[in-house]
Amino acid sequence: MTTPEPAAPEALLPENHERRLHPGSWLFVLLQNLRQFIVPLAVLLFAGGRRDDGYPWWLPMIGVGALVVVSVWQYLTFRYRIDDDRLIVRSGLLERSVRQIPYSRIHNVAIHQTLLHRLMGVAEVRLESAGGTKPEAQMRVLRMPEALALEQLIRDRGRADVVTAAPDGTPVAAPEGTTLLALSTWEVVKLGLISNRGLIVVAGAVALSFQVMPERAMGRLLVEYGREAFGYASGFATTWMAKGLVLMGVLATALVLIRAFSVLLSLLRYHGFRLQRQGRRLTVERGLLGRSRSSVPRRRIQAWTQQEGVLHRLFARRTLEIDTASARTGDGQGNANAQRGLDALAPIAPPDTCDAIVRDIALLPSWPPQHWQPLHPRAWQRLMLGDLFVTVGLCAALAWFFQWWGALGLLWLPWSMFVARRHAARAGYAVDDALVAVREGWWSRTWRFAELGKLQAVELRQSPLDRRFGMASVWLDTAGANPLTTPLRLRFLSLDDAERIHATLAHAIARRPLRW
């Protein structure tokens, strides 16, 4: 994917000329369709009946043949044409579709390559717009030079990128790309050591095994492995303390293997990571076996998030992510895990580098804010209430089974009080003429902020507990916010401060045009 961009995309993509996809496009469409239908085809092949019963084992082959016909049909009926200000896509024969996509409406250009793509010198291209549930156009597949030429053409002709002009009014070409961040292999290894991707994958595989395997089979398997492990430990140790040390060693080995798996996943996903600024568009390249390249205009960034966990601080690193106004829910083929638009600007980087990237890209006078405003003086009590209720309920359940020994769980409350006080002391917010920002957490820290011009709505919230403590929260909404991430909110403010901020932001949002 490090192939240099073509100097003249018009030479590869002439205007007013309809073009087909790559001749091997039907093969990739077939593979995509097979991935969706592989489960029912496997059921027909292996569970549909026995050979001695006369089961037509060739029946699944008819299904595969039908998928081949559909894939070839899609290739033969798909056309695209480059126009002066738009891309025109034609598809279908019996049910025809003509889709016209203005370059200025394309928010993200994603180029994706699997290992097979790279071997054949082709790439899949997805053109995404704001808030869409699927890409505006999906070209599976183009020759790699044509894919890069199409990306450059959209970047050059989109109105978001032609914002400077010479004195005679002619547009000035976009400057050469500037590398803002390039991750070395060691940095990607650090990311794998910090992240929990391996543990998440293993936990998901175990949960899936419980669903797929026969009833109680997975439980019996775990019990048998546990007995073997205990017997193995007993063979090397005679005392209970020695057995415990051996079992702890086995557990530590398993954790090391899971962490190594996380490193492998990070290398596969983020090897060769490079963040570049090309004019007013950001481009990210990454991947070891399969390569992906995402490009999005800077003005489509709606909100920013910096995260720093305990292991991040051990390596003096942070993660910088963004919310963009682009499609996020799949590829239109039922694949919810399709490559999304650009999300992580810096999967791992030093704090100063993350701040420098924000200052370079965002239209902010300075970052981070110089003065953070504190929360309500009793915010730590409000934070501790959740732990208090959970701890008391858990201790009551333990006391039911273990009598007064269950009360030992109350020893957790001093730690909860300490964490709540540290969280409240460190948390804060900042609101000025350019941005609204909030920082939270002590054990695991988060900074989340957005420019005022990106805000769409502001809401004042006050729960019954908030009213009891004299507090309120201000919730803010931006375009393209990910529902799975922490929303942008200013929590546990005094009621007077919350009402003042709510009125100020509502007035500012009403006066400012939405920079979409």
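Helices (DSSP runs of H or I, at least four residues) and strands (E, at least two) are numbered from the N terminus. On this basis the protein chain holds 15 helices and 19 strands. The structure is a predicted model, in which local features need pLDDT of at least 70 and side-chain atom pairs count only at pLDDT 80 or more, while totals for chains, interfaces and linings use all residues. Residues are numbered from 1 along each chain as its sequence is written, and side-chain values use heavy atoms, with hydrogens and water left out.

The predictor's confidence in each residue is expressed as pLDDT, from 0 to 100. The mean pLDDT of the protein chain is 80, and 76% of its residues reach 70 or more. Over residues 160-174 the pLDDT stays under 50, and the model has 17 contacts (heavy atoms within 4.5 Å) for this stretch beyond four places in sequence. Residues 329-340 likewise have pLDDT below 50, with 31 contacts in the model beyond near neighbours in sequence. Where pLDDT is low, the predicted coordinates should not be read in detail.

Of the 516 residues of the protein chain, 43% count as buried; the term denotes under 20% relative accessible area, against over 50% for exposed and partly exposed in between, with a 1.4 Å probe and protein chains only. Among the contacts in the protein chain with a separation of 6 or more, 62% are between residues 24 or more positions apart.

A nonpolar core is taken as a set of buried Ala, Val, Leu, Ile, Met, Phe, Trp, Tyr and Cys residues joined through side-chain atoms within 4.5 Å. The largest such core has 37 residues, and Leu275, Trp304 and Leu345 have the most contacts inside it. With neighbours within four places in sequence left aside, Trp304 is in contact with Leu320, Glu321, Ile322, Leu345, Val358, Ile361, Ala362, Trp447, Arg448, Phe449 and Glu451. A second, separate core has 32 residues, including Ala303, Leu383, Phe469 and Val474.

Strands of a sheet pair through backbone hydrogen bonds, either parallel or antiparallel. Two strands are treated as paired if DSSP finds at least two bridges between them. An open sheet of 3 strands has the order E1-E2-E3 with antiparallel pairing. Strand E1 (79-82) and strand E3 (97-102) are its edge strands, each pairing on one side only. From one strand to the next the twist averages 15 degrees, with axes fitted as lines to C-alpha atoms (for helices over the stretch in contact) and angles running from 0 to 180 degrees between N-to-C directions.

Strand E2 (residues 86-91) is joined to E1 by 4 bridges, the two running antiparallel. A hairpin connects E1 to E2 through 3 residues. Across this pair, Arg79 stands opposite Arg90 in E2, and Tyr80 stands opposite Val89. E2 and E3 pair over 6 bridges in the antiparallel sense, and Arg90 stands opposite Val98 in E3. The hairpin of E2 and E3 has 5 residues between the strands, and Gly92 takes a positive phi near 90 degrees in it.

In strand E4 (residues 108-113), 6 of the 6 residues are buried, so the strand is largely enclosed by the rest of the structure. Both faces are covered, with Asn108, Ala110 and His112 buried on one side and Val109, Ile111 and Gln113 buried on the other. E4 pairs with strand E5 (residues 122-128) in the antiparallel sense over 5 bridges. Strand E10 (residues 291-297) is also joined to E4 by 5 bridges and runs antiparallel to E4. The bridge partner of Val109 is Leu127 in E5 and Ser295 in E10.

Helix H5 (residues 144-157) has 14 residues, which at 1.5 Å a residue should span 20 Å; its end C-alpha atoms are 20 Å apart, in agreement. The expected span is 1.5 Å times one less than the number of residues. Because 11 of the 14 residues of H5 are buried, the helix is largely enclosed by the rest of the structure. The buried residues of H5 include Met144, Leu148, Leu150, Leu153 and Ile154, together with Glu146, Glu151 and Arg155.

Leu505 lies in helix H15 (residues 495-511) and is buried, with a relative accessible area of 1%. Not counting residues up to four places away in sequence, Leu505 touches Val431, Leu452, Val458 and Leu476. Val458 is 47 residues from Leu505 along the chain, and their C-alpha atoms are separated by 7.0 Å.
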